[in-house]
Amino acid sequence: MRFTGKSFLIVGASSGIGFSIANKLSENGAEIFTTSRDLTKDFPGKKIQFDVSDDPQNLNLQLPDVLHGLVYCPGTINLKPFSRLTDQDFLNDFQVNVLGAIKVIRQVINKLKKAENSSIVLFSTVAVKTGMNFHSSVVTSKSGLEGLSISLAAEYSSSGVRVNTIAPSLTDTPLAANLLSTPEKREISAKRHPAGRIGLADDISSAALFLLSDESTWITGQVLHIDGGLSSLRV
Ligand SMILES: NC(=O)c1ccc[n+]([C@@H]2O[C@H](COP(=O)([O-])OP(=O)(O)OC[C@H]3O[C@@H](n4cnc5c(N)ncnc54)[C@H](OP(=O)(O)O)[C@@H]3O)[C@@H](O)[C@H]2O)c1
């Protein structure tokens with residue numbers, strides 16, 4: 001897949017899946033605009049400082065007129081029993097996972113419409129399809145994000161903007177560090193997946209690149225489960 005002559009915004013490119021996507025797009029010829037809250041971190045692209053609580057207009061002003069793709073990576077794994085989750089937990093999760101995406105999309109949608117074909121990729125979680133203990137806050141938000149994704153896919157289909165969501169299972173990134181902090185935890189997690197291992201950022205970024213590319217121009221409004229078989233197989 002070549003991306004020469006195309007421009008992409010990757011929100012949250014300083015680590016994990018976003019970092020891997022940014023590297024692959026860059027290696028394949030794309031011009032990339034990348035964000036983090038901390039510009040001292042080492043990551044590729046034209047770096048822009050952005051926190052989801054910031055005014056996204058400041059982000060927009062640093063972008064070109066035409067964008068061929070947007071990837072929104074910020075997310076949370078705030079796992080607690082329902083009885084311990086506060087209103088603030090639900091609001092924080094909603095802000096990072098959903099409202100941040102809404103604010104960014106609102107700012108860049110006209111740039112995406114200016115490209116002949118463009119693609120938005122969002123990130124949900126396997127736990128939306130397969131209920132899991134202690135996930136009620138994050139899954140409330142990620143379900144909303146999936147709803148946003150399919151609604152926008154419909155609304156912008158005639159403008160040449162595709163919108164898809166990837167729903168990963170446990171993937172070895174800084175976000176999941178607490179869940180993978182010992183060899184025992186890693187082994188138990190690997191065994192839960194029919195494919196026999198946990199995910200790598202590379203597994204997820206490969207799918208994202210496909211969804212950003214011209215190889216997938218007939219795919220929109222989908223949730224792609226990249227989860228080592230966890231959500232659909234019993235073996
Ligand atoms: N890893 C998993 O096991 C897993 C499983 C299911 C779903 N997912 C989803 O996949 C997506 C990517 O996850 P990941 O594992 O790659 O996470 P990650 O390694 O923590 O990377 C998240 C990226 O988003 C940025 N970010 C985080 N909070 C932000 C905020 N408040 N404002 C602006 N930027 C923010 C981070 O940048 P800075 O910290 O530098 O600002 C970082 O570049 C997330 O939406 C996550 O929910 C991950």
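A cavity here is a set of points, on a 1 Å grid over the protein atoms alone, where a 1.4 Å probe fits but cannot get out. Grid points are joined across faces, edges and corners, and a volume is the space filled by probe spheres set on the points.

Before you click further, note that this is a predicted model, where local features need pLDDT of at least 70, side-chain atom pairs count only at pLDDT 80 or more, and totals for chains, interfaces and linings use all residues. Residues are numbered from 1 along each chain as its sequence is written, and side-chain values use heavy atoms, without hydrogens or water.

**Stop 1: the cavity**

Select Lys 6, Phe 8, His 68, Asn 117, Ser 118, Ser 119, Arg 162, Leu 212, Ser 213 and Asp 214. These residues line the largest cavity; a lining residue has an atom within 4 Å of a point. The volume of the largest cavity is about 50 Å³. Its lining holds two nonpolar, five polar and three charged residues. Ala, Val, Leu, Ile, Met, Phe, Trp, Tyr, Cys and Pro count as nonpolar, Asp, Glu, Lys and Arg as charged, and the others, Gly among them, as polar.

**Stop 2: the largest pocket**

A pocket is an open set of points with protein on both sides within 12 Å along at least five of seven lines. The largest pocket contains about 1200 Å³ of space. Select Gly 75, Thr 76, Ile 77, Leu 175 and Ala 176: of the 47 lining residues, these lie nearest the centre of the largest pocket. By class, the lining of the largest pocket has 23 nonpolar, 18 polar and six charged residues.

Now colour α1 (16-27), β2 (31-36), α4 (136-155) and α5 (183-192). Each supplies at least two residues of the lining of the largest pocket. Which element gives the most to this lining? It is α5, with four residues.

**Stop 3: the ligand**

Show the ligand. The space it takes is the largest pocket. Around the ligand are 28 residues, and the closest are Ser 14, Ser 15, Ser 36, Arg 37 and Thr 173. The shell divides into 12 nonpolar, 12 polar and four charged residues.

Zoom in on Ser 14: an N or O atom in its side chain is 2.6 Å from an oxygen atom of the ligand. At Arg 37, a polar backbone atom is 2.7 Å from a ligand oxygen atom. Finally, the protein buries 93% of the 890 Å² that the ligand exposes when taken alone (Shrake-Rupley method, 1.4 Å probe).

Notes. A residue is near a molecule or strand if one of its heavy atoms lies within 4 Å of it. A polar contact is a pair of N or O atoms within 3.5 Å; within protein, one must be able to donate a hydrogen and the other to accept it, and residues adjacent in sequence count only if both atoms are side-chain atoms. A molecule sits in a cavity or pocket if more than half of its atoms lie within 2 Å of its grid points.
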